[in-house]
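I opened this notebook to record what I looked up, entry by entry.

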Amino acid sequence: MSSYHLDHLQYLETEAIHVMREVAAEFERPALLFSGGKDSICLLRLAEKAFRPSDIPMPFLNVETGHEFPELIEFRDRRAKELGAKLIVRTVDEAFAKGIAHPTPGQVSRNQLQIPVLLAAIEEFQFDCAIGGARRDEEKARAKERFFSFRDSFGQWDPKNQRPEIWNLYNARVNPGENMRVFPLSNWTEMDVWEYIKKEKLEVPNIYFSHERECYRKGGQWLPVPPPHTDATKPDPYAGARPKANDTVKKMVCRVRTIADMISTGMIESKTETIDDIIAEVSAARVTERGTRADDKASEAAMEDRKKAGYF
Amino acid sequence: MPHTQHPIELLRFNTCGSVDDGKSTLIGRLLYDSKSLMEDQVEALEKSADITGGGQINLANLTDGLRAEREQGITIDVAYRYFATPKRKFIVADTPGHVQYTRNMVTGASSANLSIVLVDARQGVIEQTRRHTYIAALLGIPHLVIAVNKMDLVDWKVERFQEIRDEIEDFLPKLGGFHDVKFIPMSALNGDNVVDTSKHTPWYEGPCLLHHLENVHIASDWNFGTFRFPVQWVNRPNNPTDHSLHDFRGLSGQIASGIVRKGQQVVVLPAGIKTTVKDIWTYDGSLAEAFCPQSATLCLEHDIDISRGDMIVGLENLPGRASDFSARVCWMNQRPLQTGKKYFLKHTTQTVQAVVTAVENKINFDTLETMDAPGTLAMNDIGGIKIRTAKPLVFDGYQSNRLTGSFILIEQGTNLTVGAGMLAPPLEAVKPEYSDFAI
């Protein structure tokens with residue numbers, strides 16, 4: 001084997017850096033979707049590698065459901081500050097107030113409601129491109145996604161009419177009002193993400209490591225018990241998402257494998273203290289990462305339907 | 001999935017063939033038998049088996065992820081799958097066989113090291129077989145596997161396998177290009193010769209598919225010959241508070257081919273100015289040398305006006321520079337190619353306007369002969385064209401450099417990607433004046 005050789009992580013890295021620089025060069029107003037989760041943590045390092053010593057030439061954008069893990073929010077805000085980036089946060093609650101979105105009767109999860117909030121943010125800031133951390137190995141509909149994924153002026157994805165993507169020549173052209181979603185981690189697997197986090201010594205929020213937490217059993221998953229409702233002047237945002245009297249509640253040593261918000265994230269019992277422990281656990285896992293995501297369990301085409309409507 | 005040892009090499013391959021040749025089933029089989037499937041995926045498969053598979057697990061449902069695909073039992077778009085064995089990591093592009101989706105095959109195959117063309121042993125070689133093999137050769141994919149599938153349905157007859165092999169070997173010389181070609185008799189549905197060697201083929205002495213994928217030599221697939229660096233993004237921190245950054249001017253990009261060393265002389269094209277590489281800057285520190293396909297930021301000795309779309313190259317084996325080209329193009333849109341109409345052409349890191357001045361010929365996939373002056377190219381046609389750009393391009397022939405010899409055509413207005421083009425070698429190399437940089 002020649003000494004001029006990239007291993008798989010170096011290959012995935014150079015591919016992602018190339019994609020990020022194409023975004024910076026081709027779009028006028030790009031944004032980077034940063035949630036504080038493990039995939040977007042990798043995106044930030046890739047942005048540093050693509051653009052340093054210059055500033056990262058785009059703001060970070062995050063859409064909050066209002067049900068976030070507080071640890072994640074703290075981490076997100078701190079990282080954005082450390083990198084000197086502008087962080088834009090838009091929330092489902094604000095969208096309710098503005099009438100952009102409306103609560104779905106009987107539905108506690110606000111996962112779907114992130115769609116109108118994201119689309120409104122894109123319109124508000126005239127973003128022509130949003131970089132996201134989605135990976136093709138996550139889910140079947142995502143397996144069909146392009147690096148540069150075109151969205152029409154309604155934010156819709158049309159999987160049957162995707163632009164062919166050939167060599168490394170990405171067609172980044174959009175008309176006013178249309179936009180592009182770009183996924184530099186398209187070819188990464190869950191394992192690649194953790195190996196990269198290890199290699200780059202990246203900090204991750206502590207909820208990825210085992211900790212003690214009260215959880216309750218629902219829909220075949222252990223969901224975290226939401227924080228207590230303290231402000232009596234407002235309705236309980238977690239109403240309907242609290243354990244019922246006959247639900248099994250237990251204190252367990254657990255962690256998250258993938259993060260949505262507290263309503264959609266199943267906790268897994270685990271004793272992992274280091275990144276190496278997580279890598280060992282992921283390689284021994286017998287279910288996929290998104291097997292712990294309640295939002296994907298709605299139907300076999302749950303992700304496809306949300307993506308067509310403009311989801312991340 | 002054992003991960004005790006880190007797989008060090010990444011192999012990208014695509015599968016193609018006609019409808020119902022069993023492409024998706026083959027990938028499903030590779031994932032299933034190499035234990036790369038998770039319990040919830042198997043569970044989802046079993047759930048959908050009742051609807052589409054008549055109670056039997058349908059391995060194709062693993063890759064056919066969209067609703068319409070499951071309903072119609074076809075693959076609409078390129079599906080990407082990932083799996084690993086202790087030896088290698090794999091990126092699989094499952095590309096559709098329907099003729100109207102040939103453009104997706106080009107998409108899936110353009111970045112592959114290896115193509116698997118499936119042939120239904122009962123049907124033998126058909127137009128799609130020739131088309132896909134031709135496209136693989138045209139795209140410069142180094143390694144080819146002909147998977148003769150459904151051998152169980154022809155009673156594992158060696159004569160049938162040999163017949164198909166002979167027919168393909170008959171037209172392969174017309175295509176040229178492949179480093180190696182492997183014929184494997186198999187049954188993807190039953191798993192024969194996919195991950196495990198079949199007991200039905202005592203007459204076959206070659207490897208099973210996975211063994212071949214794990215061992216085919218790919219280290220020399222990259223082009224280390226001549227240095228090409230299309231400038232992607234000009235890196236100017238413009239930081240007034242930090243003096244060390246104030247004068248920093250870097251040229252960021254991904255090395256398309258070759259190797260660059262600190263202190264090396266280079267030529268900046270199209271300006272034709274010779275200068276020296278002062279530094280190879282990366283986030284992880286300066287490098288003494290960098291090679292393709294690494295991403296890097298080059299700092300040059302002289303402050304030359306350079307922007308995105310320019311190319312930095314080594315002094316040896318200079319590329320061509322022209323605004324009239326011959327190329328082969330695969331047409332990808334319902335609206336046929338129109339000569340005289342303006343398209344955008346994206347080549348390396350720049351986009352220019354272009355006009356197709358003539359369609360010289362088109363491939364007939366039944367005979368693999370070219371027919372002259374077809375007038376136009378329709379969706380899924382491949383043919384030779386003459387094209388003129390509004391601005392000269394610095395380029396190489398596709399056969400010697402996949403990244404500096406390729407382009408896409410974009411329809412103006414709709415912004416659809418309508419064509420994938422491969423440039424013929426330059427008639428002559430660019431002749432820079434070679435005056436050293438002087439103010």
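This is a predicted model: local features need pLDDT of at least 70, side-chain atom pairs count only at pLDDT 80 or more; totals for chains, interfaces and linings use all residues.

The entries below follow the order in which I consulted the structure.

**Entry 1. The nonpolar core.** I asked which residues have the most contacts inside the largest nonpolar core. They are A:M20, A:L32, B:A147 and B:V148, in a core of 192 residues. I recalled that nonpolar side chains in soluble globular proteins tend to be buried together. I then listed the contacts of B:V148, leaving aside its neighbours within four places in sequence. The list holds B:V119, B:A121, B:F161, B:I164, B:F183, B:I184, B:P185 and B:M186.

**Entry 2. Strand β5 of chain B.** I next looked up how many residues of strand β5 (residues 143–149) of chain B are buried. Seven of the seven are, so the strand is largely enclosed by the rest of the structure. In a regular strand, side chains alternate between the two faces of the sheet. I accordingly checked each face of β5(B) and found both covered. B:H143, B:V145, B:A147 and B:N149 are buried on one side, and B:L144, B:I146 and B:V148 are buried on the other.

**Entry 3. Partners of β5(B).** I looked up the pairing on either hand of this strand. Strand β4 (residues 114–120) of chain B runs parallel to β5(B) and is joined to it by seven bridges. Within that pairing, B:I116 has B:V145 as its bridge partner. Strand β6 (residues 180–185) of chain B also pairs with β5(B) in the parallel sense, over six bridges. There, B:A147 is bridged to B:I184.

Entry 4. Helix α5 (residues 127–138) of chain B forms a right-handed β-α-β unit with β4(B) and β5(B). Helix α6 (residues 158–175) of chain B forms a right-handed β-α-β unit with β5(B) and β6(B).

**Entry 5. The sheet as a whole.** In what order do the six strands of the open sheet lie? I read β2-β3-β1-β4-β5-β6 in chain B, with mixed pairing. The edge strands, each pairing on one side only, are β2 (79–84) and β6 of chain B. From one strand to the next the twist averages 20°. I also recorded that strand β1 (residues 9–17) of chain B runs parallel to β4(B), with five bridges between them. One of the bridged pairs is B:N14 with B:S115 of β4(B). Helix α5(B) packs on the sheet, where it touches β1, β4 and β5 of chain B, and its direction makes about 175° with that of β4(B).

**Entry 6. A:E68.** I turned to chain A and located A:E68 in the loop between β2 (60–64) and α3 (70–82). A:E68 counts as partly exposed because it has 19 C-beta neighbours inside 10 Å, and a buried residue needs 20 or more. Beyond its neighbours within four places in sequence, A:E68 is in contact with A:I73 and A:D261.

**Entry 7. Between the chains.** I looked up how many residues are in contact across the two chains: 59 of chain B with 51 of chain A. Several elements of chain B give two or more residues to this side, including β2, β3 (88–94) and α4 (102–109). Helix α2(B) gives the most, with five residues. By class, this side of chain B has 31 nonpolar, 17 polar and 11 charged residues.

Technical notes. Residues are numbered from 1 along each chain as its sequence is written. Chains are lettered from A and ligands numbered from 1 in the order in which they are written. A nonpolar core is a set of buried Ala, Val, Leu, Ile, Met, Phe, Trp, Tyr and Cys residues joined through C-beta atoms within 7 Å. A residue is buried if 20 or more other C-beta atoms lie within 10 Å of its own, exposed if 12 or fewer, and partly exposed in between; C-beta atoms are placed from the backbone. Two residues are in contact if their C-beta atoms, placed from the backbone, lie within 7 Å. Helices (H or I, at least four residues) and strands (E, at least two) are DSSP runs, numbered from the N terminus. Two strands pair if DSSP finds at least two bridges between them. A crossover is right-handed if, with the strands pointing away from the viewer, the path from the first strand over the helix to the second runs clockwise. Axes are lines fitted to C-alpha atoms, for helices over the stretch in contact, and angles run from 0 to 180 degrees between N-to-C directions. Ala, Val, Leu, Ile, Met, Phe, Trp, Tyr, Cys and Pro count as nonpolar, Asp, Glu, Lys and Arg as charged, and the others, Gly among them, as polar.
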